[in-house]
Amino acid sequence: MATLDSSFSSLLEGYDLAQLDRHDGAIYALCRDWRLRYFNDGWRQFANDNGGEPVLSQAWPLGAAIFEAFSPLPLREFFEFHYRECLREARVWSHDYECSSASSFRRFRQFVYPVYGNGVLVVNSKLVEREHDAPPVRSAMSVDYRDRAGLIHQCAHCRRIRSAHNHDSWDWVPAWVTHMPARCSHGLCPTCLVFYYLKPGAAST
Ligand SMILES: [Zn+2]
């Protein structure tokens, strides 16, 4: 069942909440203060499928400041800029992103709709789900991936792990997609940073 902040029910006036709830992807709505005012079952399901529940709904209840959910900083700045532009320009914005599981490559498209100048509605839909194409699978050997401070660095976007010996090498380690290792720091690998977040217009419409 959808979860809506009743003091902001006018935000989605005219929208069929039952229909939004039937969408099998995550949908959420933000007010002008960029706080979470609505989410559908798909949001909960997505969190559950990715090992995020119950932590996610505890960490990001209604009223939570959404931009704090985006990490690291370039990712946060990217989404904050485009969400604000969407509202300011009253124009729909979309962005493709990866969120693979240990067993499947998955690609999603996010549409952000301005809502009566009062906020935005964010709709996530799965575009592709298939088995990984013979990825360079590695076993989770900490010695290969922990830096001198003992941290493991995972790309927040494609979820690959940075090699401790060669920082240009990011490996697919399925075990650490299923269960995040202890002392894991999130960053962006060079490919994701450039393709998704720096190249003008890349992966966006
Ligand atoms: Zn990446």
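This is a predicted model: local features need pLDDT of at least 70, side-chain atom pairs count only at pLDDT 80 or more; totals for chains, interfaces and linings use all residues.
Visitor: What does the secondary structure of the protein chain come to?

Guide: Seven helices and ten strands. Buried residues make up 25% of the 205 residues. Of the contacts with a separation of 6 or more, 53% join residues 24 or more positions apart.

Visitor: In what order do the six strands of the open sheet come?

Guide: The order is β1-β3-β2-β6-β5-β4, with antiparallel pairing.

Visitor: How many bridges join β5 to β6?

Guide: Twelve. Strand β5 covers residues 104-115 and β6 covers 119-131, and the two run antiparallel. Look at valine 115: opposite this residue stands glycine 119 in β6.

Visitor: Which strands does helix α4 touch?

Guide: Helix α4 (residues 73-89) packs on the sheet and touches β4, β5 and β6. The direction of α4 makes about 35° with that of β5.

Visitor: What does α4 reach from its first C-alpha to its last?

Guide: The helix has 17 residues and reaches 24 Å, close to the 24 Å expected at 1.5 Å a residue.

Visitor: How do I read the faces of a helix?

Guide: Start with the general idea. An α-helix has 3.6 residues a turn, so residues three or four places apart point the same way. Now the case here. Leu75, Phe79, Tyr83, Cys86 and Leu87 are buried in α4. Down the axis of α4, its buried residues fall within an arc of 90°, so they line one face.

Visitor: What covers the buried residues of α4?

Guide: The cover includes β4, β5, β6 and α7 (190-198).

Visitor: Which exposed residues does the face turned away from the buried side of α4 carry?

Guide: Leu73, Phe81, Arg88 and Glu89.

Visitor: Is serine 104 buried or exposed?

Guide: The general idea is to count neighbours. Serine 104 has 11 C-beta neighbours inside 10 Å, so serine 104 counts as exposed.

Visitor: Which residues does serine 104 touch, not counting those up to four places away in sequence?

Guide: Glu129, Arg130 and Glu131. Serine 104 lies in strand β5.

Notes. Residues are numbered from 1 along each chain as its sequence is written. Two strands pair if DSSP finds at least two bridges between them. Helices (H or I, at least four residues) and strands (E, at least two) are DSSP runs, numbered from the N terminus. Two residues are in contact if their C-beta atoms, placed from the backbone, lie within 7 Å. Axes are lines fitted to C-alpha atoms, for helices over the stretch in contact, and angles run from 0 to 180 degrees between N-to-C directions. The expected span of a helix is 1.5 Å times one less than its number of residues. A residue is buried if 20 or more other C-beta atoms lie within 10 Å of its own, exposed if 12 or fewer, and partly exposed in between; C-beta atoms are placed from the backbone. The arc is that of the directions from the helix axis to the C-beta atoms.
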